[in-house]
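Let's take a walk through this model together. Have the viewer open and follow along.

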Amino acid sequence: MHFADLCGDDIMRFWPLAGARGAWGLVLLAVLALHPRGARAQLQFSEVMYGPGGNDALWEWVEIRNTSAGAIDLDGWVFDDDDDPTINALVGANIRAANGNTLVPAGGVAVLYPGSDLDFMPERFRSAWGSAVNLIPVNGFTSLTATDSLGLWPSYAAYAADTIPAAATSPRRTFGSAAAVLDYSSGFPAARNQRSIAWNGVGSPSAGANWVESEAQVLGAVVSVETTIESAPINNPADLGNPGSKPGGSAAAGLLITEIMFAPATPLAPSGWTSTDFEWVEIFNNTGSSIDFATQPHVLDDFVGELSGPNIQAGSLEAGQVGILFNAAKLTVDQLATMWGLGQNYIPVTAWPQLNNSGLETVALWDDYDVYLAEDIDLDDHRAHEEALAAVSYGTTTASGWPAVTSGRSIYLNNLAADPNAGANWTKSGTTADLLGSYHAAQLSELAVDHPGGDVGSPGVAPGGAAAILLGDYNGNGVVDAADYTVWRNRLGGTSLLNDATPDTVDLADYNYWKSHFGATLSGSGSVAAVPEPASGVLCFALVMVLGGLRPTREMRRGRRC
């Protein structure tokens with residue numbers, strides 16, 4: 001049992017034993033009176049974002065302010081409105097320390113956000129609104145409307161006590177047991193889409209006349225920014241190849257085609273992506289000089305194409321180096337680097353020729369578009385490659401003398417001195433003959449808009465709230481003290497810590513920051529420099545003075561609460 005949780009009758013049980021130490025008993029009672037048990041009554045709603053841009057379930061939020069001189073821990077609390085279905089008792093409280101921060105600092109504010117809908121990733125919210133926002137995740141955030149009533153209950157039992165039995169429509173609950181209530185159903189300003197409504201800092205936060213629609217640069221309001229997030233996987237990581245790995249042998253002079261990924265595995269992505277998007281061709285420059293494709297555009301095509309102009313017009317290839325030609329209409333250099341590794345020379349091809357993965361195919365390179373156009377076209381509409389700098393005519397079956405096609409496997413020239421048009425000189429990636437260390441492509445995910453940006457509000461900034469934060473004050477009591485070490489230790493390895501000097505990760509750096517700033521306090525910000533919340537040490541001292549060596553009673557050892 002913690003000394004700070006002593007009940008009134010426990011104190012009276014000790015009182016007769018204090019004897020002549022009655023004066024110290026008065027001191028003890030005074031200290032107990034300072035302990036912030038009534039702080040929960042000092043929570044107020046100060047801002048509501050009920051009509052955000054994008055997905056409401058992701059980007060609605062409410063702000064609460066703590067007017068007391070002690071931090072308030074919402075672990076085990078419930079947030080809900082008046083008309084959503086009642087939270088199941090098996091689910092219980094929807095604010096839990098296991099999901100992230102639950103502390104509202106003394107004199108400060110916190111933002112309740114849809115934690116479960118944002119995968120309990122506070123950085124997604126902060127990316128849109130700023131890194132300084134003190135966030136508290138809610139598991140199953142209630143759906144807000146333009147005329148709603150909100151409540152914050154100190155326990156699930158208190159929440160359940162306000163449930164209206166058998167109510168199937170609004171209202172489903174009252175707010176008699178709630179520690180904080182806001183009814184903005186009438187008399188409050190209406191907010192345009194993507195704007196919050198906020199208390200203006202004057203008068204009671206319960207009165208609609210004291211609320212305004214948020215305007216950028218007024219009362220600390222800002223405009224949120226657009227953010228993105230990785231969503232659906234695109235490519236198939238079954239693809240296997242060794243782009244950038246130069247085969248052995250003394251290379252023939254000129255530009256050589258040394259590896260072809262003509263049959264990538266079927267993409268995992270939604271519609272809009274095909275295997276062709278992930279084809280690529282590796283080339284080796286043995287011309288003796290560098291090639292600048294911007295000043296000397298080249299053409300990559302197969303034997304059935306008809307390009308309207310050169311399709312390699314960017315990038316360069318130094319003498320003796322390898323480059324990877326890729327489909328720039330669908331992919332970027334960064335995406336290629338994600339899949340196949342950094343340090344490669346990825347060269348964009350703007351109009352990619354779809355490579356055949358059944359039967360016969362020819363892949364060729366020209367350094368002059370007019371020369372490409374002048375090549376003969378036969379009766380089957382196949383373009384010749386007599387004037388091409390490099391050309392490979394490959395088959396896709398063992399009967400043709402080439403490695404049989406396997407989805408997701410490249411083929412590569414196994415000796416730079418060998419004839420590139422003889423199938424026996426090519427090896428399929430991943431076979432026993434593959435000596436170049438072929439590897440699988442890494443997963444590439446689609447980048448989607450997460451938050452559209454353009455919302456106007458001031459989450460984490462409320463008139464009368466704390467004007468500054470105290471980094472290292474992990475329990476929000478206004479001082480960096482021993483109690484913050486306990487909070488850090490309990491959250492070590494997690495992703496959320498109040499007043500974190502290194503946001504989104506709880507690690508040794510946070511301990512070192514706490515240690516080097518031990519004793520720091522807030523000052524000049526409207527917050528108290530020292531608060532009674534960490535009164536347990538004082539209580540220990542007072543109890544020792546009053547009780548001497550007195551042992552706790554059996555009831556106290558069992559942890560009985562008031």
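What follows goes from the whole chain to one strand and its neighbours, then to a pair of helices.

First, some ground rules: this is a predicted model, with local features needing pLDDT of at least 70 and side-chain atom pairs counting only at pLDDT 80 or more, while totals for chains, interfaces and linings use all residues. Residues are numbered from 1 along each chain as its sequence is written, and side-chain values use heavy atoms, with hydrogens and water left out.

The protein chain has 11 helices and 28 strands; these are DSSP runs numbered from the N terminus, with helices being H or I of at least four residues and strands E of at least two. Of its 562 residues, 48% are buried, where buried means under 20% relative accessible area (1.4 Å probe, protein chains only). Take the contacts (heavy atoms within 4.5 Å) between residues at least 6 apart in sequence: 70% of them join residues at least 24 apart.

Now zoom in on strand E6, residues 109-113, where five of the five residues are buried. Val109, Val111 and Tyr113 point one way, and Ala110 and Leu112 point the other. What does E6 pair with? Strand E2 (residues 61-66) pairs with E6 in the antiparallel sense over four bridges, and Glu63 sits opposite Val111. Strands count as paired if DSSP finds at least two bridges between them. E6 also runs parallel to strand E7 (residues 135-137), joined by three bridges, with Pro137 of E7 as the bridge partner of Tyr113.

E6 and E7 also belong to a right-handed β-α-β unit, together with helix H4 (residues 122-129). Right-handed here means that, with the strands pointing away from the viewer, the path from the first strand over the helix to the second runs clockwise. H4 is mostly covered, with six of its eight residues buried, including Phe125, Arg126 and Trp129. After H4 comes Gly130, with a positive phi near 120°.

Finally, jump to helices H8 (residues 482-491) and H9 (residues 508-516), which pack at an angle of about 180° with axes 10 Å apart. Axes are lines fitted to C-alpha atoms, for helices over the stretch in contact, and angles run from 0 to 180 degrees between N-to-C directions. So H8 is roughly antiparallel to H9, a label for angles over 145 degrees. Ala482, Asp484, Tyr485 and Trp488 of H8 meet Leu508, Asp510, Tyr511 and Trp514 of H9. That contact comprises six nonpolar residues, no polar ones and two charged, counting Ala, Val, Leu, Ile, Met, Phe, Trp, Tyr, Cys and Pro as nonpolar, Asp, Glu, Lys and Arg as charged, and the others, Gly among them, as polar.

Terms used. Buried means under 20% relative accessible area, exposed over 50%, partly exposed in between (1.4 Å probe, protein chains only). Angles under 35 degrees count as roughly parallel, over 145 as roughly antiparallel, 65 to 115 as roughly perpendicular and the rest as oblique.
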